[in-house]
Amino acid sequence: LFLSSMNTSPTALSVLQNTFGYPDFRGEQAQIVEQVINGGDALVLMPTGAGKSLCYQIPALVREGVGVVVSPLIALMQDQVDTLKELGVRAAFLNSTQSYEEEAAVEAALRRGELDLLYVAPERLLMPRCLGLLQSCKIALFAIDEAHCVSQWGHDFRPEYIKLSVLHELFPNVPRIALTATADAQTREEMVLRLQFENARKFVSSFDRPNIRYTIVEKTNARLQLINFIKANHADEVGIVYCLSRNKVEETADFLVKNGFDALPYHAGLPLEVRQANQARFLREDNIIMVATIAFGMGIDKPNVRFVAHLDLPKSMEGYYQETGRAGRDGEPSNAWMAYGLQDVVQQRRMISESDGSDDFKRVQNSKLDAMLNLCETLTCRRVHLLRYFDQTSEACGNCDTCLNPPQSIDGTEQVQKLLSCVYRVGQQFATGHVIDVLRGNTTERIEQFRHTDLSTFGIGKDTSEAEWRAVIRQAIAQNLLFIDFDLYNALKLSDAARPVLKGETSIRLRQYSKPAKQKISKASS
Ligand code: ADP
Ligand code: ZN
């Protein structure tokens, strides 16, 4: 008690040093550990690699009883437990991969009070039998890892997470700590509400990853752009390439292999053995490029991933931050690179529109996508923009594409007016390709059929290339001047915000269009 004025209890520090072999706590670890040791709840937002595990492992060792860690990452439990055992910590896990005998042994050890840490999958924890067993034990704490999985709006949503509020009800005196590396304002609110963390102390670390250089390029030929990017920056290094669909994952992996890279595919449609084998090679070897859907990566702790590339637009800033955050966990310079184009916007909007979520769900998804589009279109520092989304401030970083090569913006009002009035003149009934044909004065069969040659907007944009019109349309959609009606052959339609622009009451800034550099690539076969 006479030590209570110190920030860190000596026991916590001695566990850190003697068991884990680290001299000091990092960042807010000491305060977090202290909060939990003293029996309080903690909500911890810390970027990947910052050291979340110690925040519950140390209190579990200092407090009496077993620390129960709820984690959705069944595949990693074995490794985590093995690592802890090597350090002399009495750890075990319970999940569906175990034999009956293994399970019984863990339960017996638990009953005898011989465990310091127990990792459990949420669906297992919630079984009445398991909860009953825990009620008969002394529990040091509950740690809820990857707590953003409780968010219904997020892409890692796990329904069982919502039921974890039962812990608070059944074990009102056991401290709880919820941890995540990604949470925007909405997700934070959901974590507090659904997990009943109203009385928790919140610890929000800086989300900045200064060693990651962010770059978002205009998509022309994504695969060639990717190869050029890798050759120029990351020959023989480890990377992850994210694609939206399983097909695209396989095609891209094949393409990289044909071009001489050690690339492997990873998606949920591959047989379990293949996934496990590919993941094992990725972890073990030091030049593998993993081409994957977002099914790959949560909990993957490979320090020397030098780049993360996106060939498709992530659904949200949280997804983008989480996926790019897998680069450079060792603190060495790393790249987050993305190719992005009009088709990405169309595709993501369509997926939201065609999903069977409620209107509320679609509204939230669309606003998450809007934020992501703003990051892509921004003319200012990407990092400032990204951090602002997580309620954090930063100076222009000098380590992102917009800082290094500031994009020029132009007054695009007239060009956008041409576009919007053309959309209006064709009756808001035609998709991108046709609108561009009208603007450029192409006499196609459809244009003749609908007598669009007679429109006042026919040919008013003939000096602008098709690629540039696509870039303008993309920005007009990103700025919510236009939207796509997926129930009407993907027709472009005007939104309310288009009116003041058409009337000349608002002006519009656009990125200055620069013709994509000629793709040159040696012996690339596609
Ligand atoms: P997170 O779960 O936040 O992604 P981890 O808990 O896996 O991060 O920790 C990342 C790495 O940092 C691990 O290798 C861990 O051992 C190391 N680490 C954590 N805390 C400290 C510390 N106080 N001193 C030194 N290394 C630490
Ligand atoms: Zn910057």
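Tutor: In strand S10 (residues 263-266), Ala263 and Pro265 point one way and Leu264 and Tyr266 the other way, and all are buried. Buried means that 20 or more other C-beta atoms lie within 10 Å of the residue's own; with 12 or fewer a residue is exposed, in between it is partly exposed, and C-beta atoms are placed from the backbone. Strands (E, at least two residues) and helices (H or I, at least four) are DSSP runs, numbered from the N terminus. This is a predicted model, in which local features need pLDDT of at least 70, side-chain atom pairs count only at pLDDT 80 or more, and totals for chains, interfaces and linings use all residues. Residues are numbered from 1 along each chain as its sequence is written, while chains are lettered from A and ligands numbered from 1 in the order in which they are written.

S10 runs parallel to strand S11, joined to it by four bridges; two strands pair if DSSP finds at least two bridges between them. Ala263 has Ile289 of S11 as its bridge partner, and Pro265 has Val291. Between S10 and S11 the chain passes through helix H13 (residues 272-284), and this β-α-β crossover is right-handed. That is, with the strands pointing away from the viewer, the path from the first strand over the helix to the second runs clockwise.

S11 (residues 289-292) is covered on both faces, with Ile289 and Val291 buried on one side and Met290 and Ala292 buried on the other. S11 also pairs with strand S9 (residues 238-242), in the parallel sense and over four bridges. There, Val241 stands opposite Val291.

Val241, Met290 and Val291 are among the residues with the most contacts inside the largest nonpolar core, which has 85 residues; Leu419 and Val435 are also listed there. A nonpolar core is a set of buried Ala, Val, Leu, Ile, Met, Phe, Trp, Tyr and Cys residues joined through C-beta atoms within 7 Å. Helix H22 (residues 466-478) gives the most to this core, with six residues. Apart from this core lies another, of 62 residues, including Leu45, Cys55, Ile144 and Leu164.

Val435 touches Cys422, Val423, Val426, Phe430 and Leu492, leaving aside residues up to four places away in sequence. Touching, or contact, means that the C-beta atoms of two residues, placed from the backbone, lie within 7 Å.

Val345 is found in helix H15 (residues 342-354). This residue counts as buried because 22 other C-beta atoms lie within 10 Å. Not counting residues up to four places away in sequence, Val345 touches Leu373, Arg474, Ile477 and Ala478. Val345 and Ala478 are 133 residues apart in sequence, and their C-alpha atoms are 7.8 Å apart in space.

Leu510 has its place in strand S17 (residues 509-511). Leu510 is buried because it has 22 C-beta neighbours inside 10 Å. Its contacts, again without residues up to four places away in sequence, are Ser409, Ile410, Gly412, Gln415, Val472 and Gln475.

Helix H14 (residues 317-324) is largely enclosed by the rest of the structure, because eight of its eight residues are buried. Among them are Met317, Tyr320 and Thr324.
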